[in-house]
Amino acid sequence: MQFGRKTLSLETQAIIMKYKLKYLLGLLPALALLSCSGQAGKTLEIQNEADLSGLRVVTLAGSSYDVELSKREDITLLLYNNSSDCLQALITDKADVMANDEIVFNSAIRNENGVKIAFLGDHSFPTAFMFRKDEAELADTCTAVQRRMIEDGSMQRLKDYWLSDQYAETTTFTHITYETEGAPIRVAAAASTAPIAFRSGDDWYGIEIDLLRELGKELRRPLDIKYYDAASSILALKSGLADVACGCFFVTPEREEEFLFAEPYHDYHPAYFVVDKDVRKQKEGVIAWLKHSIRKNLLTEKRWKYITDGLLETLKISILSILLGSLLGILLYAMTRSRRSWIRSVASAYNAFLSGIPELVLLLILFYVVFAKSGLPSDIVAVIAFAMFFASGACDIYKTSLDAIPGGQTEAGLALGFTRSQTFFNIVFPQALRRGLPLYKGQCISTLKGTSIVGYIAIQDLTRAGDLIRSRTFDAILPLLLVTVFYFLLVWLIGLLLKLASPKKKVL
Amino acid sequence: MITISHLSKTYHNPDGSHLTVLKDVNCEIQPGEVISIIGPSGTGKSTLLRALNLLDPPTGGSIFLNGENILEKGYPVHKMRQKVGMVFQSFNLFDHMTVLENVMYAPCKIRKISLEQAREEAMALLRKVGLADKAEVYPANLSGGQKQRVAIARCLAMKPEVILFDEPTSALDPTMVGEVLSVIRQLAKEGMTMLIVTHEMKFAYDVSTRIFFMNEGVIYEDGTPQQVFEAPVHSATKAFVQRIRKEVFEVEGTDFDFLDMETRIRQFCIKYNIPEVSAKAMRLCELAMPSFRAVNKPLTVRITYSELSEESAMDFMLEGLSDSPLPDAGLTPAAQEEIKGLCREIVEEPTARGFRVKYRFS
């Protein structure tokens, strides 16, 4: 009956929303300016590994560089999960030197980002596909295929194409096709890094992917490629979720103890990169930067599709988790109200357990341990994990909002002649809803944002979509900004949906 | 209309102990009767009321409503409750609804009458309890007395055959008791059948056609107000109905807390709505207390109020004294005069424990 207050609050919301968006858009030019600003000073002069002493060196976590460089006590080692983060660390002066594969940062990328190779490392690293110990047959076939390709010269042709800058000039790639009949070979890609193994459009390309396709052709089995990060891909292989790991795995004694390598197909040279202060980046306007950035990050190779697909994936996992979690929460709440003490204990133990474990850890345990052998798709596992957390939070919300309604309300309803269920749904629930909805909204939003970790179990959600683009373009700003904006819009959408669900002021 | 026989209620605690609140309640209630249920605390008055509409289902006995056994398995309890309304001590208005919605809601949802008709009926009832101008207000913005009047209107909206009042004025500020009682009085005049649990003796005496005195889980005495209040059969009833409200102070030693005594006397007078006594009692203490304390015997001071006769008094009891301390008290003539002015009567009497001087206020 009082409409005035509600209208006002909606208007206020709209105004606040408008301002929030303005601020967000205001960030754009600010970030652009930041990205254009060059660093003063002289280019670092280093010629060999001995010169690294006293410097900050950034490299990939878990890589052979990591293994080699961490033996030295005279350098500060910074470790990141993917090559684009490493590059950003170098450019933004968080590190003095970056150790990485020469081939990953080709001349085009080096020029664009104003970095150069200071020197090449002394050792080269033999690189091969990694298999589980009980997959000796697959590893042997892989070796046999590689040998045959060396003999007939096709290996050399592959290297000529991928390991030069030749591929960098094109944005449309092709690969061999073949008749398939067997079960797919499940590939855990430890990175999305050109030209080793990378995503372009809907498919995977790169020298290692081409080699694996030759293996697949030999066995008439299709490939099922999933993008994990370095640490997760090893977990995936170990737990039987993948048959082979690729993504520039150097053969090290430690890895040989745990896994089986096919014959190395190439020796990669480590390279040490520094910022080239002599190449002054030309100042470009915000509009020009935006145009260039949008073309590079979104239009080329239809990279915008990663964002839209990721958006849908994030939305799907969030909504399913929220729905399932809300139902589980009801069950959990009913358990906390049970007459039997052991049922109550189970519920409180569940809540205590879940409040004491990080979401990522539970996600990894469920995916790599509990459901590893079940063949359950990773997005279902993600939904289960987030629903488990949501249930625990929802149970608390139900408790706080329902327990806050005095028992007298129920009694008054009953005394008027409502049945028990009528009393609950007509009188208690609407009042509890008013109290609980803001808390519930907060829980939904934190779940939505929490799903940004599902990349760890090879789901390409919104966050991972940004990573994928960054791994191809080595541009941090626009992908991150876009991901931010889309998360913001999703949160707003959830708020809107819940607003529609909220009770009207008028009860009759 | 309602026939209750051998009704009992026992609460079983989780630790295995149990508490019997209603032992064996028998009574018959005719249409149009206004029954006040009185008695000491914890004797099952509210439990009897709550057992009647099965909010606290009884554990034994039977209740017949218009010839139907409402304790029978499968009896539609919610249908029965539509005929038996209830007004609670704590009002229990629906906080998320306006006053009008509170009154309209159940008729719309349960009696399924049209919104228009419900609104008309509700407004008529709100006019009856004097709250038509508060129709669009939320309960949070009402005083306690107003809330309880809305609760009565809400109850009436279901057109009940009988209304159960569970201490309707106990949660109210003394200044608001009157407005609620006058609404109930009006209902009594209109012939509504009512059961009222109350501590307002004067109201019970005035409005009821019948009084139940409950004690130890049974209806101890059942009769007209005149019978129960003026010529009670049982001694327990007599003790209760003539019960005098009192506040006792043991005055010992030199460090007695007079400020606390003053506060308690003031609260006592507010509680029983006798503000004029407060100042008199304080002045009397001031004048007489030093003399009584000078006697150097254990002193007990009481302030008393009889709800039935509406009389109040203050007495000073000196333990182990056989004669009146007044002659030796050393009160100045001026003080004596002033005390006489404050009181209607001064009684000096020896008791089993000592000697008491009682000042009856006018």
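Reply: Start with an open sheet of chain B: 4 strands in the order β2-β1-β4-β5, with antiparallel pairing. This is a predicted model: local features need pLDDT of at least 70, side-chain atom pairs count only at pLDDT 80 or more, and totals for chains, interfaces and linings use all residues. Residues are numbered from 1 along each chain as its sequence is written, while chains are lettered from A and ligands numbered from 1 in the order in which they are written.

Me: What makes β2 (18-29) and β5 (68-69) of chain B the edge strands?

Reply: Each of them pairs on one side only. Two strands pair if DSSP finds at least two bridges between them.

Me: How do you know that β1 (residues 2-12) and β2 of chain B pair?

Reply: They share 8 bridges, in the antiparallel sense. The requirement is at least two, so they count as paired. Across this pairing, B:Tyr11 stands opposite B:Leu19 of β2(B).

Me: What lies across β1, β2 and β4 (60-65) of chain B, and at what angle to β2(B)?

Reply: Helix α1 (residues 45-52) of chain B does, running at about 65° to β2(B). Axes are lines fitted to C-alpha atoms, for helices over the stretch in contact, and angles run from 0 to 180 degrees between N-to-C directions.

Me: Why is β14 (residues 343-350) of chain B called hardly covered?

Reply: Of its 8 residues, the count of buried ones is 0. A residue is buried if 20 or more other C-beta atoms lie within 10 Å of its own, exposed if 12 or fewer, and partly exposed in between, with C-beta atoms placed from the backbone. For chain B, buried residues make up 38% of 362.

Me: What joins β14(B) to β15(B)?

Reply: A hairpin does, through 3 residues. β14(B) and β15 (residues 354-361) of chain B pair in the antiparallel sense over 7 bridges. B:Glu348 stands opposite B:Val357 in β15(B).

Me: What makes domain 1 and domain 2 of chain B domains?

Reply: Their bounds come from an automatic or database domain assignment. It gives 2-241 for domain 1 and 244-361 for domain 2. Their centres, taken over C-alpha atoms, are 40 Å apart. The contact takes 5 residues from domain 1 and 4 residues from domain 2 of chain B.

Me: How many residues of chain A are in contact with chain B, and what does contact mean?

Reply: 18 residues of chain A are in contact with 25 residues of chain B. Contact means that the C-beta atoms of two residues, placed from the backbone, lie within 7 Å. The largest share of the chain A side, 7 residues, comes from α15(A).

Me: Which elements do the buried residues of α15(A) pack against?

Reply: They pack against α16 of chain A, together with α2 (77-83), β6 (84-87) and α3 (99-111) of chain B. Among these buried residues are A:Glu411 and A:Leu414. A:Gly417 follows α15(A), with a positive phi near 110°.
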